[in-house]
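Dear colleague,

Please find the structure below, handed over for your records. My notes on what was found in it follow.

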Amino acid sequence: MIMKPHGKSITIIMADDDPDDRELAREAFEECRLANDVHFVEDGEELIDYLCRRGKYIDLPEAPLPALILLDLNMPRKDGREALKEIKANPDLRRIPIVVLTTSKAEEDILRTYDLGVNSYITKPVTFESLVDTIKVLGKYWFEIVELPPAENAP
Amino acid sequence: MDPCSPSICDQSPTLPKSADGTLLKTAPEQTTPATMLNDQAYRVLADTLPQPVFFKNLESSIVYINSAMAIMFGRKPEDVVGKTDFDLFPKDVAEKYRADDLRVFTDRKPERIQESFEFKGRKRVIEVVKSPVLDANGGVIGLMGVIIDITEHKEALDGMQKFERELRQVWEDSLDGMRITDEEGIVIRVNSAFCRMVGKQQEELVGKPFTVIYDSAHPPAILAKHKKRFIERNVEPLFERELQLWNGERVWFELSNSFLEVPGEATHLLSIFRDISERKHAEEKLREFTSRLERSNRELQDFAYVASHDLQEPLRKISVFGDRVKAKYGDKLGAEGCDYLDRMQKAATRMQALINDLLTFSRVTSKSQPFVKVDLAKVVRDVMGDLEARIEQTGATIDVGSLPTIEAEPLHMRQLMQNLIGNALKFQKPGVKPYVRLDAFLFKEETAEIRAGAREMAQLTVSDNGIGFDEKYLDRIFQVFQRLHSRAEFEGTGMGLAITRKIVEHHKGQITAKSKPGEGATFIVILPVQHTKTEQEL
């Protein structure tokens, strides 16, 4: 059972433009019993809107913000790299750990995202089983092993 | 003893003595020109002159010839004296001589007449100087002839004239512009090519400062530089420069300067101009083309990577969702349903393999690295390490002979060996343990290019005891996507040998194979041991 330090709220937000990948991720989260803790957004713009309680998320309570961000890199409108940069530049948001989850294996992408301050870079697993394993590990690592910063309020 | 004492002088053998031993001396009154140059003296002079001399009377009858003349004629004086030319020469020749003689008699002036004469079987050119002989009263009594052999002189002169004509033609016909200037920069001489190159006539250039060919911006600096050359006696032997001419045209020239030095005369400067505008233009175009090609190559490479990446995505989804269906609804599908699903997934996997191989194929040339020394023996050892599992599984034996070190791209050599050895293991006879033998030897190949000379090549052979193939398919097996067996018999995309051949061709080599069905196969790869820099750039 995963500890939920912030009560019954969303702890993980995942940004991915590919509906298939979102579907697979949702199933994988279900296998890990984390399905209720995840919210999906489709691109970098929606992600920022969600975190800043703007646009269609304007009515969300200011607190608390997600404890973990899973970020795809290649997305339309605003891609993962831009979103990463913005979040890390925002004093109210930059403490939230970000894990990039992408199909890209390009060395340039890896270097650039670590430069921008990403916490971890993971290449999307190829099979469903390994996706489930990865998410299990992520959950255990970020919510059981690691000390997270205290709950944030929306900026 | 005093060396000048009379006793020593007396004993000298070279001075003339009289019978009683006293030195002979000339009496003072005997040493005037009038007395010394007496008849006897003149006779001796005439007779001993190395030049042939003859005297004729007014009838053109020969009165006297000297020894030299006798030798030239090949006759004794007594046989010739008293005879005329008509007795000694053919009629037409004698008539000419007589006409010459008459002219001298009447004009009373010496004449120099050039003739050819055969002496001892060789043709000589002679100059006959005929002068009138006058008596005490000034009347003509005959003529004197002196013959000068001018053969060598004439030959030299002719040679010089011929050479001068040739040089003049070389100067005029030269495609390179040529100009001679003096210390002050005044043009002494130009050839037609130069006039053409600068767009001016000869008259506009000769005698003027050479700076007239430039536009007004140049003159003072150029003239000073020119004069400096003379002062320092220093010129750049060969250099390239873009010049702006008087008519605004900009031309690229290859220039060569050298001093023309003649002892005792002013030094001049010879400047040779070669119009290299075309070459410069071609070089520029080549640079442009090369950079466009590089850009295009990079774009292609990026495209290939992105395309393959984006093409792999849907295939991955097919595989993964196929697994989800099997996992969640496998029992509801039944055996046939699962079988259909399997076939779909296998098809997707095949496509992934194909895309990867296509990417590899395109990258052989688009992502090439510089050639370095590659130890092929080490490459084979590494490949055998990679294939360890398969070798063990099939119980294969791989014998490696002595392999050379050649200049190549390391990654490509790895792929090449991996493919050839991998194939040798793959196409094994069922139930027979694979045996693979690698050999190599070096040889020299005569090339048509003189520059390259004999080229050292390495021939590599990979032989196996597998199923072999019919040589009539030799061309097919190296083609893209071509296979000789069905998917059920052997896995593969049909790209392996196509990639291998592309690698071999990239290294300017050749690949072929020998085989008989059921009798194994031998693949033969020939590669140059070394590469020139230009080859690598292509």
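Helices (H or I, at least four residues) and strands (E, at least two) are taken here as DSSP runs, numbered from the N terminus. This is a predicted model, in which local features need pLDDT of at least 70 and side-chain atom pairs count only at pLDDT 80 or more, while totals for chains, interfaces and linings use all residues. Residues are numbered from 1 along each chain as its sequence is written, chains are lettered from A and ligands numbered from 1 in the order in which they are written, and side-chain values use heavy atoms, with hydrogens and water left out.

Chain A has five helices and five strands, arranged along the sequence as β-α-β-α-β-α-β-α-β-α. Of its 155 residues, 50% are buried (under 20% relative accessible area, 1.4 Å probe, protein chains only).

As to the interface, 14 residues of chain A and nine of chain B take part in the contact (heavy atoms within 4.5 Å). The two chains bury about 1,000 Å² between them, 55% of it on carbon and sulfur atoms; buried area is the accessible area (1.4 Å probe) lost on putting the two parts together, summed over both. Lys317(B), Phe321(B) and Arg324(B) supply 44% of the area that chain B buries against chain A, more than any other three residues.

Five salt bridges are counted between chain B and chain A (a side-chain nitrogen of Lys or Arg within 4 Å of a carboxyl oxygen of Asp or Glu). Lys317(B) forms one with Asp21(A), with the closest N and O atoms 3.4 Å apart.

With kind regards
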